[in-house]
Amino acid sequence: MNDLIIHNLEFAQTQQALAGEINVYSCDRLPETLLPSSTDAYIHFKLTGAAKQLRNPSLHLHIEAKLPATCQRCLDEMLVHLNLDFDYIICKELPIEIDENDDTDWLEAAPEMNVQELIEDELLLAMPIAPMHDHDCSKQSMQSGEKPNPFAALKSLIK
């Protein structure tokens with residue numbers, strides 16, 4: 001599924017739904033941040049439109065992905081699991097003043113919105129800067145500040 005294009009306002013107003021899978025390596029920018037190849041990597045998505053859910057036409061995007069990365073602790077390959085949900089309000093013109101504390105994402109109505117690019121943007125923002133395994137994987141890592149105290153043996157002599 002490459003270059004998936006929708007008319008986002010019409011998609012929302014007619015309450016359409018779209019689900020599918022995107023090949024991780026068919027994206028333009030995402031592979032640059034990942035390991036070169038992994039057979040376990042995937043991106044599943046579901047995009048649904050709502051006519052008046054947030055008092056305006058809106059889109060809900062759900063992304064589930066496993067992306068190959070390098071653990072920054074042990075330098076082994078790992079899969080980063082992402083389960084993401086986004087809501088977008090579609091408007092003909094973006095509001096002039098947007099509250100920075102507002103969690104609302106706005107999309108300008110467009111007859112040609114690339115869904116794959118939107119998904120890729122959200123994944124790039126959600127990827128951890130320094131991915132690490134959840135379990136202890138310190139077999140190759142060098143932990144700073146964890147040298148044994150040379151005076152620890154003398155402590156047992158003091159009584």
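**Loops, charges and surface patches in a predicted model**

L75 lies in the loop between β4 (58-70) and β5 (77-91); helices (H or I, at least four residues) and strands (E, at least two) are DSSP runs, numbered from the N terminus. The structure is a predicted model, in which local features need pLDDT of at least 70 and side-chain atom pairs count only at pLDDT 80 or more, whereas totals for chains, interfaces and linings use all residues. Residues are numbered from 1 along each chain as its sequence is written, and side-chain values use heavy atoms, with hydrogens and water left out.

Although L75 is not a glycine, its phi is positive, at about 65 degrees. With a relative accessibility of 58%, L75 counts as exposed; the term exposed means over 50% relative accessible area, buried means under 20%, and partly exposed lies in between (1.4 Å probe, protein chains only). A positive phi, near 55 degrees, also occurs at Q15, a residue other than glycine. Q15 is placed in the loop between α1 (8-13) and β2 and is exposed, its relative accessible area being 54%. A further loop residue, D136, is found between α2 and α3 (152-155). D136 is exposed, with a relative accessible area of 64%.

Charged side chains were examined next. Side chains of opposite charge can pair when their charged atoms come close. A salt bridge is defined here as a side-chain nitrogen of Lys or Arg within 4 Å of a carboxyl oxygen of Asp or Glu. The count under this rule is 1 salt bridge. The side chains that meet in a salt bridge are those of R29 and D121, at 2.4 Å from N to O. This pair links distant parts of the chain, 92 residues apart: R29 is in the loop between β2 (17-22) and β3 (42-50), and D121 is in helix α2 (residues 115-126). R29 is partly exposed at 38% relative accessibility, and D121 is partly exposed at 33%.

Helix α2 also holds E122. E122 is buried yet has no salt bridge, and R29, the nearest side chain of opposite charge, is 10 Å away. For such assignments, Lys and Arg count as positive and Asp and Glu as negative, while His and the chain ends are not counted. Apart from its neighbours within four places in sequence, E122 is in contact (heavy atoms within 4.5 Å) with I63, L84, F86 and Y88.

Two surface patches were identified. Patches are made of residues with over 30% relative accessible area and no salt bridge, like charges being joined within 9 Å and nonpolar side chains (Val, Leu, Ile, Met, Phe, Trp, Tyr) within 5 Å. The place of a charge is taken as NZ of Lys, CZ of Arg, CG of Asp or CD of Glu, and accessible areas come from the Shrake-Rupley method with a 1.4 Å probe; for residues, only the protein chains shown count as cover. A patch of negative charge on the surface gathers D85, D87, D103 and D105. D105 belongs to strand β6 (residues 105-108) and is partly exposed, with a relative accessible area of 31%. L107 is also in strand β6, but is buried at 15%. The nonpolar surface patch, of about 360 Å², is made by F151, L154 and L157. Of these, L154 is found in helix α3 and is partly exposed at 45% relative accessibility.
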